[in-house]
Amino acid sequence: MNTAIPQAADNAPASLIDRVLTYNPTLDQDKIARAYEFAALMHAQQLRESGEPYITHPYAVAGILAEMKLDPASIMTALLHDTVEDTKATLDEVKTKFGAEVASLVDGVSKLTRIEVQTVEGKQAENFRKLVLAMSEDIRVLLVKLADRLHNMRTIENTKPEKQRRIARETLDIYAPLAERIGVNTIKEELEDLSFAVLHPEARESITTRLSFLRSEEKSTVQDIITKLRTDMKEAGIEAQVTGREKTRYSIWKKMQRKNVSFEQLSDIIAFRIVVSNVAECYHALGILHSRYPVVPGRFKDYISTPKLNGYRSIHTTVIGPSNQRIEAQIRTHEMHEEADLGVAAHWGYKEGKSPGQMADVKQFRWLRELLDIISQEQRPEDIMENTKLELFQDMVFCFTPKGDLVELPSGATPIDFAYAIHSGVGDRCVGAKINGRIAPLNSTLHNGDQVDIQTSKTGTPNPTWERFVVTGKARSHIRRYIKQQQRDEYLQLGRALLQKIFRQEDTDFTDKATIPALKFYRAETVDDLFVMIGMGHLVARDVYKHLFPTNQMRQSGSGKALSDDQDALSAMVESAQKKKNDKPLPIIGLIPGMAVHYARCCHPVPGDRIVGIVTTGKGVTIHTIECDTLESFADTPERWLDVSWGENNEKANRVSRVNVTIFNRQGALGAVTNIVAKHNGNITNFKITNRTPDFWDLYVDVEVNDVNHLNSIIAALRASQHVSDADRATG
Ligand code: MN
């Protein structure tokens with residue numbers, strides 16, 4: 001991994017192609033050459049901070065991936081990875097020239113580059129890592145991104161010092177751990193070392209000095225140990241490669257930080273590796289070590305029977321070695337050895353090299369997908385994996401506030417969920433949202449990396465319809481609480497009005513205080529509670545009056561009259577409401593203030609429709625269209641009808657209405673319906689096929705529209721389509 005990457009020159013693509021050919025003899029060389037030429041052309045006017053032509057960067061990134069023996073699509077993606085984001089090249093162009101697979105990989109890398117400009121504070125690093133993982137739907141996207149970061153770190157000396165530190169910090173916080181999690185150890189170690197050099201140059205320097213001292217001191221010891229271990233293995237009939245591997249400066253420094261120790265022992269700086277042919281030999285070799293040398297307790301780890309989550313397998317043990325030194329040994333097979341360095345990439349390269357046709361091998365993708373799922377979890381290897389937990393992460397989206405803070409939400413989350421996640425006050429006052437700078441409906445589905453700007457208003461209140469599309473418990477519970485409170489207010493007003501009316505009939509002055517003597521008897525804690533009980537119909541107002549003034553002769557008596565009293569009280573409230581004309585404009589004119597409004601699901605009224613309200617005591621008012629079939633069932637109770645109309649501020653009301661459509665049963669008919677609705681700026685929120693015959697399908701489509709004219713234009717367009725037999729508005 002540390003070998004120098006040749007500078008891009010006239011023979012640049014040829015040299016890259018040669019390297020890919022060594023592990024992939026059936027390579028389509030022309031494709032790589034064309035990708036290089038296209039990238040070189042697009043970046044022609046650009047220079048790197050070093051002053052070199054920009055193409056040297058993507059070329060070097062491709063070289064890193066070639067060392068990892070990655071497939072041709074990854075190599076091409078590396079060459080093209082900055083074209084869409086940094087040049088006038090478009091994704092469509094990339095797709096036309098290099099195919100859908102490469103285009104989708106380039107798109108994935110570009111998306112990661114776009115979110116990269118967000119600043120990430122320390123505590124957000126974990127979320128950011130999850131975001132990067134979630135966005136790297138194809139593991140190759142992440143591998144290209146890591147190689148990109150690696151080359152930028154290798155050339156960081158050309159960057160301004162403050163920027164160097166920021167990038168190095170981010171590399172340590174985000175990219176090195178990601179490389180570790182997918183097991184690409186070589187990249188992880190180099191990223192750490194390069195960041196270490198930027199952030200703590202003195203510490204790194206002193207460790208370097210100390211290391212070279214220990215190295216010269218212990219040189220013969222290390223060689224002796226290797227020779228002795230080789231002999232041990234040979235005597236046992238095991239063919240083994242034994243090497244000593246120096247630990248990295250960053251890992252030594254981290255250990256010094258963590259344990260507050262200096263390093264002087266051999267086991268602090270060298271790990272011995274015993275590489276054998278198969279798993280049985282691993283355990284055999286372990287047996288030899290443990291029988292010939294004293295074992296240091298607590299250091300034995302079997303990552304073969306229980307691999308690390310990033311796939312790492314090896315046996316680790318520490319013994320008191322031949323020269324009475326602690327020695328740390330790692331025992332593994334050749335295959336495990338390669339995996340330990342390259343992680344996911346080892347599998348990818350292997351399989352590709354052996355049989356290029358396996359590219360489309362679904363099993364391989366599933367394996368990678370599963371790995372991604374596993375490594376995205378913050379679980380320890382001992383933990384048992386539960387499917388639900390895996391799904392939990394897949395079901396997450398990560399979005400940004402305008403300030404760049406990350407908000408983690410379940411997938412399917414909307415701006416309302418986002419608003420409540422920030423603060424319940426923001427949710428309660430939410431009136432609109434911008435997604436990536438553009439105004440978007442509040443029921444829009446958020447995507448990874450979206451920047452969401454919630455607009456609030458002091459007079460904003462939760463809308464009961466939000467409950468239909470929010471996905472977070474927090475949003476739902478706040479909306480419900482609000483609705484409950486709203487209903488309680490409504491009962492309270494109704495209850496007070498009913499009682500007030502009885503008082504008036506009996507020529508008694510009404511005050512809230514006058515009802516206090518009844519509280520205990522009715523087990524109400526407060527006067528408001530008493531009103532609510534009356535409003536909900538648990539108590540009859542007349543009975544309460546009687547209890548308060550038992551000696552008064554009532555003008556009307558019998559609770560059989562109570563219902564008509566209720567109706568009178570209702571109309572009284574309507575009158576007074578209309579007189580007051582209200583301080584806040586209601587979407588519907590003619591309602592009782594504080595009373596919950598529902599839109600009937602049978603007829604789905606939209607602005608512009610002639611409408612009527614139906615009062616249900618304790619539930620509020622339901623708005624129907626005047627044509628709605630359901631109204632027939634209220635024909636006998638005219639006192640429940642409220643005369644209402646749409647307010648003026650309803651232009652952007654975006655109400656959902658239902659259209660029944662009959663289509664011919666043939667290919668493309670369903671698509672035609674959705675296209676027509678979309679073309680007319682209707683937003684389909686739901687649809688269902690209700691009946692199928694050999695010739696026709698019946699379905700309904702729920703469409704979000706501005707008003708009745710908008711709805712009618714969509715219905716007219718549907719009727720005009722050759723695929724549609726009939727289209728009509730649902731009327732109950
Ligand atoms: Mn780049």
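**Figure 1. An aromatic cluster in the predicted model.** Phe503, Phe510, Phe531, Tyr545 and Phe549 form one aromatic cluster. The structure shown here is a predicted model. A search of the whole structure finds 14 aromatic pairs. One of them joins phenylalanine 521 and tyrosine 522 in an edge-to-face arrangement, with 4.9 Å from centre to centre and 85° between the planes. Phenylalanine 521 counts as exposed because its relative accessibility is 55%, and a residue is called exposed over 50%. Tyrosine 522, in contrast, is buried, its relative accessible area being 14%.

Figure 2. Helix H22 covers residues 527-535. Its buried residues are Val527, Leu530, Phe531, Val532, Ile534 and Gly535. Phe531 is also a member of the aromatic cluster with Phe503, Phe510, Tyr545 and Phe549. After H22 comes glycine 537, which has a positive phi, near 90°.

**Figure 3. The hairpin of strands E18 and E19.** Strand E18 (residues 683-692) and strand E19 (residues 696-705) run antiparallel and are joined by eight bridges. Three residues lie between the two strands, which form a hairpin.

Figure 4. The ring centres of phenylalanine 664 and phenylalanine 696 are 5.3 Å apart and the planes stand at 40°, so the pair is tilted. This pair links distant parts of the chain: phenylalanine 664 belongs to strand E17 (residues 655-664) and phenylalanine 696 to strand E19, 32 residues apart. Phenylalanine 664 counts as partly exposed, at 27% relative accessibility. Phenylalanine 696 is likewise partly exposed, with a relative accessible area of 32%.

**Figure 5. The manganese site.** The protein donors of the manganese ion are His57 (NE2), His81 (NE2), Asp82 (OD) and Asp148 (OD), which lie 2.2 to 2.4 Å from the ion. Along the sequence, the donor residues follow the spacing H-x23-H-D-x65-D. Histidine 57, in helix H3 (residues 56-67), and aspartate 148, in helix H8 (residues 139-154), link distant parts of the chain, 91 residues apart. Histidine 57 has a relative accessibility of 1% and therefore counts as buried. Aspartate 148 also counts as buried, at 5% relative accessibility.

Figure 6. The protein has 26 helices and 20 strands. Of its 732 residues, 49% are buried. Among contacts between residues at least 6 apart in sequence, 66% join residues at least 24 apart. The accessible surface comes to about 36300 Å², and carbon and sulfur atoms account for 49% of this area. The average pLDDT of the protein is 80, and 82% of the residues score at least 70. Over residues 1-8, however, the pLDDT is below 50, and this stretch has 25 contacts in the model beyond near neighbours in sequence. Residues 557-563 also have a pLDDT under 50, and the model gives them six contacts beyond four places in sequence. Where pLDDT is low, predicted coordinates should not be read in detail.

Note on methods:
Residues numbered from 1 in each chain as written. Predicted model: local features only at pLDDT ≥ 70, side-chain atom pairs only at ≥ 80, totals over all residues. Heavy atoms only, no water. Donors = N, O, S within 2.8 Å, 3.2 Å for Na, K, Ca; no water. Helix = DSSP H or I, 4+ residues; strand = E, 2+ residues; numbered from the N terminus. Buried < 20%, exposed > 50% of the residue type's maximum accessible area, 1.4 Å probe, protein only. Pairing = 2+ DSSP bridges. pLDDT = per-residue confidence, 0-100. Contact = heavy atoms within 4.5 Å. Areas by Shrake-Rupley, 256 points an atom, 1.4 Å probe, with all protein chains shown as cover. Phe/Tyr/Trp six-rings, centres within 6.5 Å; stacked < 30°, edge-to-face > 60°.
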